[in-house]
Amino acid sequence: MSTGFDPSAEVERSEIDDLAQGFVACPADRAEVYRQAGYWVGLPLDSILREAAARWPGKCAVVDPRERWTFAELDAAADRIGSALLDLGFHAGDRVLLQLPNSCRFAVALFGLLRAGVVPVMCLPGHRSAELGHFAQVSGAVGLIITDQAGGFDYRQMAAELVREHPRLTRVLVDGEPGDFQRWSDVTDHAGPVAQFSVPDPSLPALLLVSGGTTGLPKLIPRTHDDYRYNAVACAQAYGMTGDDVYLVALPAGHNFPLACPGLLGSMTVGATTIFTDDPSPEAAFALIDKHQVTVTGLVNALAKLWAQACDWEPVLPTSLRVVQVGGSRMMPDEARFIRENLSAGTQQIFGMAEGMLNFTRPGDPIEVVDNVQGRPMSPHDEMKVVDEFGDEVAPGEEGELLVRGPYTLSGYYRADEANARSFSPDGFYRSGDRVRIFTDGPRAGYVEVTGRIKDVIHRGGETVSASDLEEHLNSHPAIADAAAVALPDEYLGEKICAAVVFKGAPITLAELHEFLDDRGVSAHTKPDALAPMRSLPKTAVGKVDKKQILATLAQA
Ligand code: OOB
């Protein structure tokens with residue numbers, strides 16, 4: 001298969017040139033290393049489906065409560081939809097916002113877009129007009145694919161607003177009742193001939209992920225055909241996945257974690273079936289896991305904890321699970337143990353980011369490792385540096401900021417020169433903003449422990465307090481179910497510490513909390529100045545604690 005551009009495809013050049021604007025490619029010398037190592041194979045991302053359809057045509061690829069598709073059916077649908085999109089006037093290189101609930105339709109739409117060379121921007125169902133408007137503006141998207149309504153939210157109303165504000169965004173395709181827009185089924189039911197698809201440049205973005213930060217608006221992360229295919233293949237391999245595995249997408253499918261770590265795409269590389277659910281409640285998920293004998297899934301910490309607790313009362317237990325990956329935010333050792341002992345002995349920690357770099361513990365790792373650290377790099381070519389506030393490498397084993405570079409880590413955010421100037425070192429390492437330590441000896445050697453976020457600190461009267469360190473103390477109080485430390489403005493101190501706390505039952509007072517912290521030896525300036533009881537901590541679209549929202553809630557109170 002040729003991997004270069006087809007120079008005769010004149011019509012598409014302008015959209016592809018436009019796609020390349022503001023994309024930072026991996027430097028040629030490193031790209032060559034990744035090709036030589038056999039990681040970057042020069043194939044388009046949708047080749048994963050082509051190959052699966054050739055090898056396991058009749059095998060079930062994707063399932064949801066409404067429908068199921070074999071690999072061959074899904075591949076044929078991608079051809080059909082890709083052709084329909086080109087007929088409709090989309091071009092290879094165009095960007096389209098994709099925002100569908102967890103369902104087979106998500107996979108069908110994703111592969112239809114990829115087949116046409118259209119670059120999906122992977123929105124999550126929880127994103128609203130502020131985020132989508134930002135994605136539309138930065139990416140220059142010309143289209144939007146949504147469902148009519150879900151979870152009490154009418155996506156068509158949001159689309160109407162977006163179309164008014166973003167003149168380039170002219171085409172809205174709606175799965176369900178289209179209202180003023182076009183039916184997605186006009187595309188999926190396309191009966192015309194299959195188009196001659198041009199082969200994309202594998203070093204250009206196949207899709208754009210959105211960053212997971214809980215401060216500011218998300219940034220767009222270009223993932224190339226080469227790097228994302230490698231991500232999916234290598235991740236499935238590292239977990240020892242085979243065609244007998246069944247993967248459950250319980251997190252929003254457009255997030256890197258359930259999409260390709262190993263997720264939907266990794267599962268496809270080995271011919272494993274993917275099940276979609278848009279209801280991650282233990283009751284619904286456990287029934288589904290039992291019905292389909294799910295063997296692998298990925299969860300954020302809060303959800304894993306909830307599932308582990310639910311094992312106490314749910315009548316059907318998820319006993320078929322071989323691997324439960326847990327990640328997305330900091331997990332304490334006793335939390336990890338609780339999940340491992342109650343939910344699945346196959347609990348694995350994963351420390352990942354949409355930007356690329358993945359660390360995880362592996363099946364077979366000693367319990368001591370699995371409970372205490374967040375993992376080791378997926379690829380032998382992942383490079384990690386731990387640096388101090390001046391950018392100098394710290395002594396081995398010391399804490400500092402994690403800088404990463406490698407075969408599936410971005411070289412720049414999409415169309416974000418200012419953010420890129422801040423987020424990358426001169427030698428092309430991505431500054432993750434995560435505070436970590438890399439162990440140098442013993443069973444943990446080479447493994448990473450995440451100790452917090454560099455910027456998640458509170459500047460209280462000349463002292464710098466780490467929010468995550470304080471949260472660790474707060475969460476160990478027997479009356480506290482969940483806690484987050486945030487900074488509130490203060491006339492005298494600059495910032496003061498507020499503990500947003502969810503109590504298990506009866507609340508405690510600030511004075512009682514201080515007493516508890518005193519007993520644990522917490523220094524005076526680290527103790528919260530205020531206590532804000534909450535029913536639950538607000539979560540981001542993927543289910544992590546949302547500090548921006550906590551601050552907004554506190555400001556309203
Ligand atoms: C995953 O990806 P994102 O892009 O939503 O968030 C990335 C950030 C990391 O930089 C780190 O701050 C935090 O989330 N994080 C963790 C963690 N896993 C992610 N912090 C502490 N411990 C962990 N285990 O969250 C993501 C992507 C792929 C796989 C898994 C998670």
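Biologist: How do the residues of the shell around the ligand divide into nonpolar, polar and charged?

Modeller: A residue is near a molecule if one of its heavy atoms lies within 4 Å of it. Ala, Val, Leu, Ile, Met, Phe, Trp, Tyr, Cys and Pro count as nonpolar, Asp, Glu, Lys and Arg as charged, and the others, Gly among them, as polar. Here the shell around the ligand holds 7 nonpolar, 8 polar and 4 charged residues. This is a predicted model, where local features need pLDDT of at least 70, side-chain atom pairs count only at pLDDT 80 or more, and totals for chains, interfaces and linings use all residues. Residues are numbered from 1 along each chain as its sequence is written, and side-chain values use heavy atoms, leaving out hydrogens and water.

Biologist: Which of the residues around the ligand come nearest?

Modeller: Of the 19 residues there, the nearest are His255, Ile350, Ala354, Asp434 and Lys544.

Biologist: Which polar atoms lie by the nitrogen and oxygen atoms of the ligand?

Modeller: We look for polar contacts, pairs of N or O atoms within 3.5 Å. His255 has a polar side-chain atom 2.9 Å from a ligand oxygen. A polar backbone atom of Gly328 is 2.9 Å from a ligand nitrogen, and one of Ser329 is 3.2 Å from a ligand nitrogen. As for cover, the ligand alone exposes 600 Å², and the protein buries 93% of that; such areas come from the Shrake-Rupley method with a 1.4 Å probe.

Biologist: Which element gives the largest share of the shell around the ligand?

Modeller: Elements are DSSP runs numbered from the N terminus: helices (H or I, at least four residues) and strands (E, at least two). The largest share, 4 residues, comes from β16.

Biologist: How should I read pockets and cavities?

Modeller: Rolling a probe the size of a water molecule over the atoms shows where empty space is left. On a 1 Å grid over the protein atoms alone, a cavity is a set of points where a 1.4 Å probe fits but cannot get out, while a pocket is an open set with protein on both sides within 12 Å along at least five of seven lines; lining residues have an atom within 4 Å of a point. A volume is the space filled by probe spheres set on the points, which are joined across faces, edges and corners. The second largest pocket has a volume of about 380 Å³. Among its 21 lining residues, His127, Glu131, Thr540, Ala541 and Asp546 are closest to its centre.

Biologist: Why does the second largest pocket lie between domain 1 and domain 3?

Modeller: Because domain 1 (38-54 + 69-224) and domain 3 (460-556) both give residues to its lining. Domain bounds come from an automatic or database domain assignment.

Biologist: Which peptide bond is cis?

Modeller: Most peptide bonds are trans. The bond from Cys261 to Pro262 is cis, with omega near -5°.

Definitions and conventions. A polar contact is a pair of N or O atoms within 3.5 Å; within protein, one must be able to donate a hydrogen and the other to accept it, and residues adjacent in sequence count only if both atoms are side-chain atoms.
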